[in-house]
Amino acid sequence: MRAIVVSAYGDSSVLEYAERPDPVPGPGEVLIEVAAAGVNFIDVYHREGRYPLPLPLVPGSEAAGTVTAVGPDVTDVVPGDRVVSASVVGAYATKALIPADKVVRLPDGLAPDLAAAVLLQGLTAHYLTHSTYAVRTGDDVLVHAAAGGMGLLLVQMAKLRGARVIGTVSSAEKEKLARQAGADDVIGYEDFPEAVKEITGSGVHVVYDGVGAATFEGSLASLRPRGMMALYGAASGPVPPFDPQRLNAAGSLFLTRPSLGHYTATREELLSRADDVLGWVASGALKVRVSERYPLAEARRAHDDLEGRRTTGKLLLVP
């Protein structure tokens with residue numbers, strides 16, 4: 001098979017297109033022919049070594065495709081099933097293994113590229129808006145990077161739950177996309193806490209922040225008393241050490257750093273969230289914007305575009 005291989009941590013230049021032995025599914029594993037792989041910031045963190053994995057590694061955890069073989073004890077799926085997962089081992093490849101308990105079947109009529117484009121970010125947006133801070137009708141919600149792949153899903157899910165959504169963007173083109181997704185107000189990053197307070201009067205109930213260092217202080221300043229900041233990523237870099245006493249002084253605020261694994265801890269929870277997300281996409285209730293499809297061999301360009309914030313929506317690698 002062909003795959004993208006990382007032999008040393010670093011910038012996008014360490015992504016090498018290479019030939020690898022075909023994987024063989026062991027107990028509890030499923031082998032798929034990859035139709036499309038999602039490109040996510042977690043892949044960048046793995047490539048950089050910020051979240052280190054053993055080297056050499058094939059990046060990527062999100063892919064959809066067709067099952068070609070299963071391990072000896074796997075009975076839930078069979079060869080020929082169309083599936084998607086956000087727990088793929090080495091998704092940047094023409095073939096990849098998946099733990100059988102992390103496989104989700106595709107609904108009839110849902111194209112595999114859309115499934116690969118939505119599952120990881122869709123599950124993340126689902127747990128953020130339904131569990132970490134369960135958005136209620138009338139809540140004020142701030143979504144950073146509202147025109148990115150995650151942002152567009154967060155905006156839509158918060159609106160499905162009845163919120164007034166404020167989105168931050170960096171360009172007029174991105175403002176248009178955020179409004180099309182349902183954002184009620186769209187603002188720039190400069191002085192955004194003041195703009196948020198002007199819109200809401202007292203601040204938002206929750207901030208969904210995947211940007212990290214560049215927006216952290218402003219996000220806290222945008223909250224109303226007893227508001228919550230859900231810091232789910234660090235696209236601009238990690239947040240410096242933080243004194244929790246500041247949360248008290250700012251109005252008994254809540255700060256959490258959640259992760260998908262803790263919100264899909266059981267197969268039942270994974271399938272419940274995935275059924276919602278994939279069902280909404282299949283029915284048209286949730287729109288997925290695929291910004292760019294890159295040939296697998298052009299993974300470096302995909303990472304450069306993602307890190308350079310030159311994209312709106314989801315990036316896919318297509319073998």
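**View 1. T264 in the loop between α8 and α9.** In this predicted model, T264 lies in the loop that runs between α8 (260-263) and α9 (267-283). T264 has a relative accessible area of 7%, and because buried means under 20%, this residue is buried. A polar atom of the T264 side chain lies 3.0 Å from the backbone oxygen of L260. Leaving aside residues up to four places away in sequence, T264 touches K102, E269, L270 and R273.

**View 2. The stacked pair of Y127 and Y263.** A pair of aromatic rings is described by the distance of the centres and the angle of the planes. The structure holds four aromatic pairs, and one of them is formed by Y127 and Y263, which are stacked with 4.4 Å centre to centre and 5° between the planes. Y127 belongs to helix α2 (residues 112-132) and Y263 to helix α8, so this pair ties together parts that are 136 residues apart in sequence. Y127 is buried, at 1% relative accessibility.

**View 3. The edge-to-face pair of F216 and F242.** The rings of F216 and F242 form an edge-to-face aromatic pair, at 5.3 Å centre to centre and with 90° between the planes. This pair links distant parts of the chain, 26 residues apart, with F216 in helix α6 (residues 216-221) and F242 in the loop between β12 (223-231) and α7 (245-249). F216 counts as buried at 4% relative accessibility, whereas F242 is partly exposed, with a relative accessible area of 24%.

**View 4. A ring cluster, and a residue over a ring face.** F41, Y45 and Y51 are linked into a cluster by ring pairs. R2 lies over the face of Y17, at 4.5 Å from the ring centre.

Note on methods:
Residues numbered from 1 in each chain as written. Predicted model: local features only at pLDDT ≥ 70, side-chain atom pairs only at ≥ 80, totals over all residues. Heavy atoms only, no water. Helix = DSSP H or I, 4+ residues; strand = E, 2+ residues; numbered from the N terminus. Buried < 20%, exposed > 50% of the residue type's maximum accessible area, 1.4 Å probe, protein only. Polar contact = N/O pair within 3.5 Å; in protein donor to acceptor, adjacent residues only side chain to side chain. Contact = heavy atoms within 4.5 Å. Phe/Tyr/Trp six-rings, centres within 6.5 Å; stacked < 30°, edge-to-face > 60°. Lys NZ or Arg CZ within 6 Å of the ring centre and 35° of its normal.
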